[in-house]
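Hi,

Here is the structure I promised to pass on.

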Amino acid sequence: MDRTQQNDIVRRASAMADKASSVADDFAQLLFPRTDVTFNDRMRSNARQYLRGVVNQIEQRICQIATRDLGVAHELLLSIEKDGESQSFALLEPSGLLNKPEIVQHLFVRAQQSELAARLLQKISQEDLESTLTRHLDHADPAVAEAAMGLLVAQSKTTGAAGEGAISLADLPPEIVYAIVWPVSAALARLSGSPGMRLQQAAERLLAEHDESASVVRKAERLAQLLEQGETDSNPHPMKDGLTLFVARLARQCGLTSDQIVTFTAEPDMARLIIVLRAADYSVQEAQSIYIALDSGENILTAATYGELDRDRAVALVSRWAAPDAFQNADRILARSYLGDDRQ
Amino acid sequence: MTTARKLAEPVRGEVDSDGLLLSADPLLMRLHLRCGGTEGRPLAVPELAALCRLSRRLGMNLSRPVQASDDDCRIEMWVETRLSVPDRDQPLSLSIIDWKEYSHDDSDMPDPARDRDFDRLEGRGTIRTDAALRIIAQQMPGKPARNVEVIGQSLLDIYDVIPPSAHTRLLEAVAERQPIRNQRMREKIGAQQLFVMQGHPLIDKTGLFAGYRFTAAQDDPEAGVDRTMTGEKLISDSLFGLQLGPALRQPLGKIIANAETISSKLEGPLRGDYASYAKDIASAGRHLLDLVNDLSDLEAIERPDFTVAGDDIDLIDLAHRAAGLLAVKAADHQIRLELPDQQRKLPARGEFRRSLQILVNLIGNAIRYSPDGSVIRLSVSGDQDFAGISVSDQGAGIAKEDQERIFEKFERLGRSGDGGSGLGLFISRRLARAMGGSLTVESAADQGSTFTLSLPARETP
């Protein structure tokens with residue numbers, strides 16, 4: 001064993017000693033999950049790849065701005081700008097800086113979107129799915145047609161099809177870009193030893209140039225808003241609207257967010273999605289068809305099950321889920337103080 | 001009432017780093033002021049102000065839906081924020097690219113004009129009173145449209161309450177703002193006609209009791225439940241419309257009214273499926289009532305002494321009224337009704353109620369037999385002698401050999417289960433002819449159908 005290897009073992013042993021107390025926590029999370037949501041290996045792999053890709057792109061963009069626009073001539077930054085090989089991920093991953101609730105929630109939603117897109121592609125061809133939006137291009141309302149064109153263009157700019165886990169900085173929610181940009185710029189400053197001020201400026205420029213209106217999600221939400229404001233011909237359906245627009249339209253109909261709708265599809269039996277459909281007064285046939293399109297094929301929604309759901313109760317539940325997160329969390333904590341509270 | 005969302009130019013505004021609204025286009029300034037803001041003070045539209053704060057905190061340009069509300073309406077917007085680079089202390093620019101207003105009054109408020117048209121179609125009269133039961137407006141069957149003599153008088157000075165009820169019981173119901181059902185009342189003067197009244201309390205925008213709206217149906221004292229009590233023969237040969245019809249309408253009306261009350265949960269909460277059953281009962285009741293009405297009409301038009309009134313009518317106005325009555329049914333099937341310009345006039349002569357009945361029948365048929373999402377077009381034509389209105393649909397059309405058969409009694413062309421009785425077109429054509437006009441059809445298989453009602457033209461004064 002040479003000296004380098006010995007040093008490596010020493011470094012890893014020291015690092016492990018610092019984290020030893022967390023091993024039981026990690027194992028406990030696996031043994032005793034707090035929800036019934038299952039995360040398959042594909043989702044974990046997708047989420048991990050996606051996070052790495054996002055960090056890479058942000059890092060490369062910061063280096064581009066620093067070296068090209070601000071004239072920083074540092075070898076490491078120039079190399080990242082040129083080759084795009086991430087340096088900061090290895091530093092950030094174990095630090096816990098990427099383990100923030102908003103980032104993890106976003107990763108989960110993206111991973112679940114990929115799952116849904118894959119399921120959808122088993123039932124409809126990629127070509128048909130991509131052509132769903134073209135039907136709005138001839139819409140009588142020019143605002144709708146224009147928004148549909150905007151969404152088509154935004155989707156086409158994304159590498160690969162929507163939901164395939166493709167990474168585009170333009171599609172990242174501003175809050176997520178903000179949450180990742182600063183740790184990345186700090187990591188770059190540490191790794192390169194270059195002045196932090198310049199990298200901060202580069203990060204600020206990256207934030208300022210980000211245009212949320214160009215993202216696929218916002219384009220879909222705007223189209224959904226215009227469609228729902230006008231005379232819509234029918235309820236949304238994933239195979240008629242495509243996944244992104246379907247989610248946006250359903251979310252708008254129910255006063256929920258697109259992320260909530262995607263999250264509901266990951267839950268056992270998609271129970272909350274069924275409640276949402278019932279609250280929005282979808283017919284049995286529509287609900288069953290949507291369920292089949294989004295389900296992995298293991299479950300069924302019977303007409304009797306759906307038909308027996310009390311719509312008033314469903315509306316009340318959805319209205320509670322539409323409340324601000326802070327209110328829902330507080331309500332949940334307070335409810336624990338009262339025995340016999342059976343609210344869900 | 002809603003405003004269009006398409007803005008010729010975005011609505012713009014500027015907000016400084018302290019949240020003060022520095023400048024705003026008139027639409028945004030109006031909203032800011034209505035939300036309690038003043039010029040040069042912090043932006044007072046909560047969700048918009050929050051978006052500006054978030055945009056500044058992140059140092060990023062955002063693009064999001066925003067909702068706002070003032071005393072008059074709810075507004076849905078799509079807003080984009082733009083920060084100036086590199087000086088973040090410069091004002092943030094707001095650009096509102098979509099703006100749609102929904103009046104608070106839009107929400108399922110009943111349309112009195114539409115209600116009146118329904119009443120006239122059914123041959124019912126209406127009386128509107130104030131909180132002290134003084135008559136504000138009255139339109140009774142067979143009476144002049146503007147009967148000014150009764151306006152301002154107490155309802156109880158014009159009508160006698162017929163036992164078993166009494167003035168005191170009626171007044172108790174009024175005092176408690178309760179609906180008044182099946183109250184028989186007789187005119188004190190004139191023809192002393194007998195009416196059955198249904199009264200609905202009216203609540204104004206501030207939540208205060210504002211009076212009653214009564215609907216009044218003519219009552220035949222010789223017909224009805226009382227006669228069954230005496231064991232007298234109810235049906236005298238063919239007098240369906242005069243005897244059996246009214247006797248059936250009254251209980252059917254009660255069934256429908258009660259089922260609708262249950263389904264709309266006016267009397268309290270109810271399980272969803274039970275409300276749905278009640279809706280089915282109301283729907284079946286309405287179908288049965290339609291059938292009774294058709295049979296009554298059939299009996300009426302076949303009587304030798306059947307006559308129609310020669311009112312001065314405007315076919316374009318009638319088309320809009322008929323379309324208004326069926327707007328909900330059309331919307332249920334995503335069908336668009338394309339109507340002639342309401343500013344135009346097409347004067348004709350014919351009985352108002354019967355002409356409306358024909359148009360409702362034609363548009364109702366078009367909705368029933370058209371594919372969902374299609375268009376039904378009403379167009380007008382006319383010459384010196386006749387004024388015509390056509391209802392064109394995009395349905396399956398009618399084969400040439402069937403085009404005369406559909407005007408025959410009980411002819412359904414083999415269809416069933418769609419709520420029709422097979423009498424509508426027969427009655428409509430007979431009514432059109434009784435008014436000196438005609439009802440014709442042009443159609444071909446898979447080409448849709450066009451029904452044209454022609455009535456004698458009337459010169460405008």
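Predicted model: local features only at pLDDT ≥ 70, side-chain atom pairs only at ≥ 80, totals over all residues.

Start with helix H2 (residues 41-69) of chain A and helix H9 (residues 196-209) of chain A, which pack with their axes 9 Å apart at an angle of about 115 degrees. Angles of 65 to 115 degrees count as roughly perpendicular, so H2(A) is roughly perpendicular to H9(A). Their crossing is right-handed.

If you want to click through the residues involved, H2(A) brings A:Arg61, A:Ile62, A:Ile65, A:Ala66 and A:Asp69 to the contact, while H9(A) brings A:Arg198, A:Leu199, A:Ala202, A:Ala203, A:Arg205 and A:Leu206. By type, the residues where H2(A) meets H9(A) come out as 7 nonpolar and 4 charged, with no polar ones.

**The cores**

The largest nonpolar core has 53 residues, and A:Ile62, A:Ala66, A:Val181 and A:Val184 are those with the most contacts inside it. H2(A) turns up again here: it gives the most to this core, with 9 residues. As a bit of background, nonpolar side chains tend to be buried together in soluble globular proteins.

A:Ala66 is worth a click. Setting aside neighbours within four places in sequence, A:Ala66 is in contact with A:Val72, A:Leu77, A:Arg198, A:Leu199 and A:Ala202. Of these, A:Arg198, A:Leu199 and A:Ala202 are also among the H9(A) residues in the helix contact.

There is a second, separate core too, with 45 residues, including A:Phe264, A:Met270, A:Ile290 and A:Leu294.

**Where the chains meet**

The contact between the chains takes 21 residues from chain A and 20 residues from chain B. On the chain B side, strand S3 (63-69), strand S4 (73-82) and strand S5 (92-103) each supply at least two residues. Which of them gives the most to the side of chain B that touches chain A? That is S4(B), with 3 residues. The chain B side as a whole divides into 7 nonpolar, 6 polar and 7 charged residues.

**Chain B overall**

Chain B has 12 helices and 18 strands. Of its 461 residues, 28% count as buried. Looking at contacts in chain B with a separation of 6 or more, 56% are between residues 24 or more positions apart.

Cheers

Terms used: Residues numbered from 1 in each chain as written. Chains lettered and ligands numbered in written order. Axes fitted to C-alpha atoms, helices over the stretch in contact; angles between N-to-C directions. Helix = DSSP H or I, 4+ residues; strand = E, 2+ residues; numbered from the N terminus. Parallel < 35°, antiparallel > 145°, perpendicular 65-115°, else oblique. Left-handed = near helix turned anticlockwise from the far one by under 90°. Contact = placed C-beta atoms within 7 Å. Nonpolar A, V, L, I, M, F, W, Y, C, P; charged D, E, K, R; others polar. Buried ≥ 20, exposed ≤ 12 C-beta atoms within 10 Å, placed from the backbone. Core = buried A, V, L, I, M, F, W, Y, C linked by C-beta atoms within 7 Å.
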